[in-house]
Amino acid sequence: MEEQLKIDFEKLLENSNFSKKNVELKRKNFDNFIKKGFPNRREENWKFSDLNQIISKNIKNLSFYNDLSKPNKIDQSIFIDGLEHNKLVFVNGKIEKIEFDYEEKNKIEILDDLVLEKFNDVNNSLLFLNNAFVSNYFKLTVKKNYALQKPLIIYNITNKDLVSKNVNLKVDIMLEENSSLKLIEFSNDKSTTNFININYNFDLQKNSILKNYKIDNNSNSNIKYYFNNISQDTNSVSEIFLLSSGSEFIKNEINCNLNGIYASAFVNGVFMLNETKHHEIKTNINHLVENTKSYQLIKSVLDDTSKAVYQGKIFVDSKAQKTDGYQLSKAILLNDNTEFNAKPELEIYADDVKCSHGSSSGSLNEESIFYLMSRGLNYKEAKKLLINGFLLDVVEKITDSEIKNLIKNIMSLKQ
Amino acid sequence: MLKIKNLKADIENKSILNNFNLEIKPGEVHAIMGPNGSGKSTLSNILSGKKGYDVSGEILFENKNLFELETEERAHKGIFLAFQYPLEIPGVNTNIFLKTSLNAIRKARGEKQLDAIEFLKLVKLKAKDLKFDEEKLNRQLNVGFSGGEKKKNEILQMSILNPKLSILDETDSGLDIDALKIVADGVNSLRKKDNSFLIITHYQRLLDYIKPDYVHVLMNGKIIKSGGPELALELENKGYENFN
Amino acid sequence: MREKEITKLKDYKYGFTTDIENIRAPKGLNKEVIKFISKAKKEPKWMLDWRMKAYERFKNLKEPNWQKPKYPKIDYQDIYYYSAPKSTSENPKNLDELDPKLLETYKKLGIPLQEQQRLNGIAVDAVFDSVSVATTFKDKLNEVGVIFCPISEAIKKHPELVRKYLGSVIPLTDHYFATLNSAVFTDGSFVYIPPGVRCPMELSTYFRINASQTGQFERTLIIADKGSYVSYLEGCTAPMRDENQLHAANVELIALDDAEIKYSTVQNWYPGDEDGKGGIYNFVTKRGLCKGINSKISWTQVETGSAITWKYPSCILQGDNSIGEFYSIAITNNHQKADTGTKMIHLGKNTKSKIISKGISAGFSDMTYRGLVDISFKAKNSTNYTQCDSLLMGNKCGAHTIPYIKNKNPESNIAHEATTSKISEEQLYYCQQRGLNPEEAVGLIVNGFCKEVLQQLPMEFAVEAQKLVGISLEGSVG
C-alpha cells in the first residue's frame with residue numbers, strides 16, 4: 001500500500017495548484033501518515049475497531065488519488081422533500097453545488113480553497129492522511145448575530161463510479177458571536193468499498209448555537225471515519241445527533257472542548273445495525289472551565305452479526321468546578337452473534353462536580369413482550385413496538401421539531 | 001442567654017436581615033413568624049454558623065461572641081437547630097450518628113463518654129417518649145424516612161443532645177396533626193428553667209400546642225412587631241399582607 | 001470566623017523497623033539467585049524447573065506501561081529477592097522457637113501470635129520479608145482436614161496439590177510481574193479445604209516487609225474443594241523507608257463445584273511521606289477461578305496504603321451458575337496513586353457478577369477504577385451489576401473511572417453505574433451542627449459512603465478498616 005500511496009500523492013501534487021507552503025505541509029502530513037499507517041487495535045482509541053484490519057478485509061486495492069476535474073451529475077431524487085433548506089452538495093468528494101437561497105448573502109461566507117494553516121501534530125494518523133490528500137478545504141462562516149433562516153443540508157453523495165477509493169473532505173465551520181446554524185449532514189452512497197475520511201472543525205464563539213444532525217441511513221459497503229472537532233466559547237451550545245446505521249463501518253469521533261463558562265454540549269446517538277455492520281462512537285468531552293455542562297445519550301439496537309462500540313469520555317480539568325457531566329448508553333442485542341462494547345470513562349480533577357455515567361446492555365425485556373402480547377400483539381409487533389419506544393427516547397432529545405419529525409420518518413419511528 | 005444586636009446579613013450582596021434585634025432569656029420560648037422570604041431560615045442558619053453569609057452586628061450566647069465559634073463549637077455550647085429539611089446521609093446508621101454527636105458534645109463539655117449500652121438505654125427511653133419507631137434508628141440517617149419521620153428524628157436528636165437553646169426551623173411544616181402533637185410534647189417535655197426555644201414558623205397552629213412567651217413578626221429582614229401569644233392569633237386572622 | 005487548624009498527617013503507625021539479622025540472597029536477578037532461593041527452600045527439582053521456565057520467559061517480556069500511575073524505572077538488578085530472618089533459617093517447630101524480636105514485631109502490628117495461639121478465633125500465617133515465620137492453629141485445622149501452611153511447606157508435603165493447581169489460574173507466562181513472581185516467589189500461604197468442609201475459623205495472613213532494598217514476592221494458593229467454604233484475610237504493613245520497595249505477589253484461588261471462597265484484604269503498606277518520597281509499589285496479581293458449577297468467589301479489598309497500587313482481583317466464571325463479586329474501597333492521599341479494579345470474565349451459563357467500587361482521593365493523589373466485564377457468547381443468561389462511586393476532596397487530586405464492557409450474549413444483561421462527586425457542604429453543616437468537627441464529620445460521611453463494602457468484611461477487620469478509612473484521610477480536610 002505504501003507504494004500506491006506514494007504514487008497517488010505525487011499524482012495529486014502534479015495535478016493541483018497547491019501553494020508552496022501548502023505542499024510543504026502536505027508532505028509533512030504525508031510522511032507522518034506513512035510512518036504511522038492506519039490505526040490498529042494496539043492503540044487504545046482503536047481497541048474495539050481495528051481499522052487497519054477492517055480496511056484490508058473490505059477494500060481491495062485501495063487507491064488515494066481522485067480525479068476531480070470532471071463534474072459529476074447530481075441525482076436530484078435524493079434531496080430531502082418537504083423541508084426547505086440550503087444546500088452544499090459533494091459528489092464523490094467534489095463540491096458540485098452551493099445554494100443558500102433562503103439567506104442574506106452577506107451574512108454567510110464560504111471559502112473553498114483554504115490552505116492548511118500550520119502543521120497540526122496531533123496523534124491521529126487519519127488526520128495526517130486527510131491533510132495530505134484533501135483537495136478542497138472549505139470554510140463556512142456565519143456572521144455575527146445571524147441565525148440562518150433555514151437548515152443547511154450537506155449532502156455527501158457517492159455514486160457507482162467510485163470504487164475502492166480513499167476520499168478526504170475537510171470543512172471548517174465558524175459561528176460568530178450570537179449566530180446560529182442548523183446543519184444536517186446527509187449521506188447517500190451508491191458506491192462500493194471506499195474509505196471516506198471526513199474532518200469537521202467547528203468553532204463556536206460566544207452565545208452561538210450549533211445543531212448538527214448526522215444521518216447515515218442507506219445501506220452501503222463503505223468504510224467511514226468522521227473526526228468532529230468542536231471548540232466552544234462562553235454560553236455556546238452544541239447539539240449533536242447521530243443516526244448511525246447505513247454504512248458497513250463508521251467511526252464517529254467527537255472531540256469537544258468547552259472553553260468558555262456556561263458552554264454546553266449535547267451528544268445523542270442511535271445505532272441501528274444489522275448484517276455485518278460495525279459502528280463506533282467515540283467522544284471526548286473536555287470540561288476546561290467552570291460551569292460547563294455535557295450530556296450524552298447513546299442507544300443501540302443490534303441484529304444479525306452487527307457490532308456497536310461506544311467509548312465516551314468526560315474529562316474535567318481542575319479549573320472546571322461546578323461541571324455537570326452525564327453519560328448514558330443502552331443497548332439491545334437481538335441476536336446471538338451481536339456484540340456491544342462500551343468504555344464509558346470519567347477523568348476528573350476538580351472536586352465540586354456532578355458527573356455520572358451509566359451503561360447497560362442486554363435483551364429486550366421478555367416480560368414487556370409478554371404484556372404486549374397479552375393485549376393482542378403478535379411477537380414481532382410487540383418487539384417492534386418496544387424497540388420503537390426504546391429509540392424514540394433519544395430522538396425526542398432533538399430540539400428542532402421539524403428536523404425531529406424528518407428523522408422520525410427516516411427511522412420510521414411511530415409516536 | 002441569647003442577645004442579638006443590630007444583626008445584618010447579606011448573601012451575594014443581597015440583604016436578608018437588617019437591623020435585627022432579639023433577646024432570649026433562660027427558660028423562655030420565643031416564636032418568630034413571618035412570610036416566605038422574610039429571613040427566617042437565614043436567622044437559624046446564622047445562629048448555628050452556616051457559612052456563606054456576610055454578617056455584621058453582634059450575637060452573644062451566654063456572653064460569648066458566636067461569630068468566633070465554628071458550627072460544632074456552637075453545638076458544644078448547647079445550640080441545636082432542628083433543620084427545616086433534615087439531610088440524608090447514606091450509609092451512616094442513625095444510632096451511630098447520634099452516639100458520635102452526643103459523645104462529641106459530652107467530650108467538649110468535659111463529661112464522660114457514653115458507651116454503647118448506656119447510649120442505647122438513653123435512646124430507647126427517648127424514642128419511646130416520642131413514639132419513634134426504634135427500628136428506624138438502625139437505618140441510614142434519614143434515608144427513606146418520610147417527611148414526618150425526618151422531623152420527628154430531629155426532635156429525638158434534640159431530646160438526646162439536651163441543648164440549652166433549641167431552634168426549630170419550620171419543624172411543623174409537613175406534619176400531620178398526630179405528628180405535630182408528638183413534636184410539641186417533645187418540646188414541652190424539654191421546657192425547663194434553663195432551656196430556651198426559638199420556634200420559627202409560618203402558622204400559629206404549632207403555637208396551640210407549644211405556648212410561647214413571646215411572638216415576633218419578621219418581615220423584610222427585621223422584627224416589625226413583638227407581643228404575647230395573642231399576636232399569633234391576630235396574625236392568623238389578618239394574614240401577613242394586611243398586617244402593617 | 002477563625003481559621004481552622006489543619007492537623008498534620010499522623011505518622012504511619014506501622015512505620016517502625018525491626019532489627020533482626022537477615023540472610024539474603026545476593027542482590028540482583030539471575031539463574032544463580034533463583035537456584036539460591038530454591039535451595040534455601042529445600043525445593044524439589046520440579047519446582048526449580050518451573051521457576052527457571054518462568055525466568056526464561058520473563059527475560060523476553062517487556063515491562064507494561066499502559067496503567068495510569070507512572071513510576072520511575074525499577075532496576076531489577078538492585079533488589080534483594082530473598083531475605084529471611086536468620087533465626088528461622090531452619091523452620092521453627094513452634095512459636096517458642098521464634099526470635100523474640102519477631103514476636104515483638106507482630107505484637108506491635110497488633111497480631112500477638114502467642115495470644116492467637118490461645119484465644120479462639122483466627123488462624124494466622126505470618127510472612128516476614130520473604131518467609132513465613134509462624135502459622136497458628138495448625139492442629140485444630142488438621143482435625144477437619146484443612147491444610148493451612150506456608151507454601152514452601154506445601155511444595156514439600158503436598159506436591160500433588162501444588163503441582164496440579166499452581167499456575168493454573170495465573171499461567172507462568174501471564175504478564176510481566178506475575179511471571180517475575182513465578183520465578184522468584186519466596187513464600188506465602190497455602191490453603192486446601194477438603195470436600196464438604198466449612199473451615200471452622202477465619203484464616204489470615206499478615207505480610208510484613210522489613211528489610212531494606214528487598215522485594216517481596218509472595219505466592220498464595222487457595223483451593224476450595226467441592227462443597228467447601230473458607231474465609232481468608234490478609235493484612236499488609238511495611239516500615240517507613242525513603243526508597244521505593246516492590247511488592248509483586250500472586251494470589252490464585254480455585255473454587256470447585258458448590259465451593260465458596262471469600263478473600264478479604266486490608267492493604268496498608270507504607271504509602272510514602274507527605275511529599276511522596278518512599279513507599280511500596282504494590283503490583284499484585286490476584287485471580288480466582290470459579291471452576292465448578294455453583295461456585296462462588298468474593299473479593300473484598302480496602303486499599304489505603306502503598307505509594308502505587310496496581311491490582312485487579314479478578315474472577316473467571318467458568319462453572320455454570322458461578323458467582324463472582326468484587327467489593328473495593330480505595331483511598332489515596334498525599335502523592336499516592338492507585339489504579340485498581342477487577343475483571344469479571346463470564347464463560348459459563350447463568351453466571352453472575354457484582355462490582356461495588358468506592359474510590360476516595362485527597363491531597364495530590366490520583367485514583368483510577370479500571371474494570372472489565374466480558375460476557376462471552378456462551379455465557380447465556382448471565383448478569384453483571386457494577387456500581388463505581390468516586391469522592392474527591394480538593395482540586396489537586398484526580399478520580400477516574402475506566403470500565404470496559406463487552407457483551408456478546410443477547411440473553412445476558414450488564415448494568416453499569418458510576419458517579420463522581422464531593423462531600424456535600426450541607427451534609428457537613430448538618431453533622432457540625434450536631435457537634436462533630438469537620439474531620440469527624442468527613443470520617444463519618446466517608447464511612448457511610450463505603451458502607452456497602454465495609455459490611456462485607458469479617459467483624460474484626462471491619463472495625464480496623466473503618467479506623468483506617470478515617471486515618472488515611474487525616475489532614476485532607478481544609
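Tutor: Let us begin with a helix pair: the crossing of H2(A) and H4(A) is left-handed, a term for a near helix turned anticlockwise from the far one by less than a right angle, clockwise being right-handed. Helices (H or I, at least four residues) and strands (E, at least two) are DSSP runs, numbered from the N terminus. The model is predicted: local features need pLDDT of at least 70 and side-chain atom pairs count only at pLDDT 80 or more, while totals for chains, interfaces and linings use all residues. Residues are numbered from 1 along each chain as its sequence is written, and chains are lettered from A and ligands numbered from 1 in the order in which they are written.

Student: At what angle do helix H2 and helix H4 of chain A pack, and how far apart are their axes?

Tutor: Axes are lines fitted to C-alpha atoms, for helices over the stretch in contact, and angles run from 0 to 180 degrees between N-to-C directions. Here H2 (residues 20–36) and H4 (residues 125–133) of chain A pack at about 140°, with axes 8 Å apart.

Student: Which residues make that contact?

Tutor: Two residues are in contact if their C-beta atoms, placed from the backbone, lie within 7 Å. Among them are Phe30(A) and Phe33(A) of H2(A), and Phe128(A) and Leu129(A) of H4(A). The residues of this contact divide into 5 nonpolar, 4 polar and 2 charged. Ala, Val, Leu, Ile, Met, Phe, Trp, Tyr, Cys and Pro count as nonpolar, Asp, Glu, Lys and Arg as charged, and the others, Gly among them, as polar.

Student: How is chain A divided into domains?

Tutor: Bounds come from an automatic or database domain assignment. That assignment gives domain 1 (2–364) and domain 2 (365–415) of chain A. Their centres, taken over C-alpha atoms, are separated by 27 Å. The contact takes 19 residues from domain 1 of chain A and 19 residues from domain 2 of chain A. On the domain 1 side, 13 residues are nonpolar, 2 polar and 4 charged.

Student: Which chains share the most contacts?

Tutor: Of the 2 pairs of chains in contact, chains A and C do. No contact joins chain A and chain B, whose closest C-alpha atoms lie 16 Å apart.

Student: How many residues does each chain give to the contact of chain C with chain A?

Tutor: Chain C gives 30 residues and chain A gives 31 residues. On the chain C side, S22(C) supplies the largest share, 10 residues. That side has 12 nonpolar, 12 polar and 6 charged residues.

Student: How do strands pair?

Tutor: Strands of a sheet pair through backbone hydrogen bonds, either parallel or antiparallel. Pairing requires that DSSP find at least two bridges between the strands. Between the chains, 6 bridges join S18 (residues 339–348) of chain A to S22(C), and the two run antiparallel. Asn341(A) stands opposite Lys406(C) in S22(C).

Student: In what order do the strands of the open sheet in chain B lie?

Tutor: The 4 strands are ordered S2-S1-S4-S5, with antiparallel pairing. S2 (14–24) and S5 (64–65) of chain B stand at the edges with a single partner strand each, so one side of each is left without a neighbour in the sheet. Helix H1 (residues 40–48) of chain B packs on the sheet, touching S1, S2 and S4 of chain B, and its direction makes about 70° with that of S2(B).
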